[in-house]
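Open the model in a viewer and keep the selection tool at hand.

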Amino acid sequence: MKAISYTILFIFSLFLISCNQEGKDRFGGAKPKARGSIGEIILAIDSTKWAGPVGEELRAIFEADLPGMIRSESMFKVVRVDPRAMNTMLKRYTNLIYVTTFDDKSGGSQVINAQFSKESKEKAQADPSLYSLRMEDEYATGQEVLYLFGNTEDELITNLRKNKDRLQNLFEVRERGRLEKPLFSRKNSAAEYEARTKLGIKIKVPASYQIAKTTADFLWLRSPTPTARRPDISIFLLRNRLHG
């Protein structure tokens, strides 16, 4: 892969990289469509670094519990891969994160470091706040590739802690969009009308949800499932008038 070069971007301290022609691979053919389950992230990092403080910080970011859940559930499913094992198939996943520090001499980190030019490393050394490079559709269409780096582990950890919310939000917004696209490809306009006219709220209702019951102040939407082992999903909307 060509060496990476970058320039500072506005307020986000991200980087730009020269890419292949949009929608084309390096040989001029159409890029394949990105693959991967909703919420899945392929994280390429050396095993020693993953087992140490950097890995601990990454797990605190991407494997943090979802707020408001009854039982513990991680925000994302992180699959750790040795950078030396990143084959063509793995590079086509929807969400890819490469993590390294430039002072790391381990084999896995050196594979990632080799993708950065000398000039890039010098710029990072001159400005410790630079820690990330974001690319879209690098190996496949519909793909997000993120490089997280630092001159040292302490420097990288500092930037990860400062930007925890931003990093979570980046993938959270992307995955929400991926989930909503098939979910709302067909909508139940009758249920949306009931919610708007009787309860005064505007919602999007997937076509799989049916109106089970509706009154002037109540709306029950139900999504029946085809098997007995999987329970139905219901949404209850109730409007209460408060008297003070």
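Which residue in S5 is the bridge partner of Ile42? Select Leu96: in S5, that residue is the partner of Ile42. The model is a predicted one, in which local features need pLDDT of at least 70 and side-chain atom pairs count only at pLDDT 80 or more, while totals for chains, interfaces and linings use all residues. Residues are numbered from 1 along each chain as its sequence is written, and side-chain values use heavy atoms, with hydrogens and water left out.

Now show strands S3 (40-44) and S5 (95-101). They run parallel and are joined by three bridges. Helices (H or I, at least four residues) and strands (E, at least two) are DSSP runs, numbered from the N terminus; two strands pair if DSSP finds at least two bridges between them.

**The nonpolar cores**

Next, select Leu58, Phe62, Ile97, Val99 and Leu148, the residues with the most contacts inside the largest nonpolar core, which has 23 residues. Such a core is a set of buried Ala, Val, Leu, Ile, Met, Phe, Trp, Tyr and Cys residues joined through side-chain atoms within 4.5 Å; buried means under 20% relative accessible area (1.4 Å probe, protein chains only). H2 gives the largest share of this core, four residues. Centre on Leu58: leaving aside neighbours within four places in sequence, its contacts (heavy atoms within 4.5 Å) include Leu43, Trp50, Val99 and Leu160. A second, separate core of 18 residues includes Leu90, Phe102, Ala124 and Phe149.

Move to S8 (residues 210-214) and S9 (residues 218-223), which pair in the antiparallel sense over four bridges. They form a hairpin with three residues between them. Gln210 stands opposite Arg222 in S9. S9 also pairs in the antiparallel sense with S10 (residues 233-238), over six bridges; there, Leu221 has Ile235 as its bridge partner.

Key
Buried < 20%, exposed > 50% of the residue type's maximum accessible area, 1.4 Å probe, protein only.
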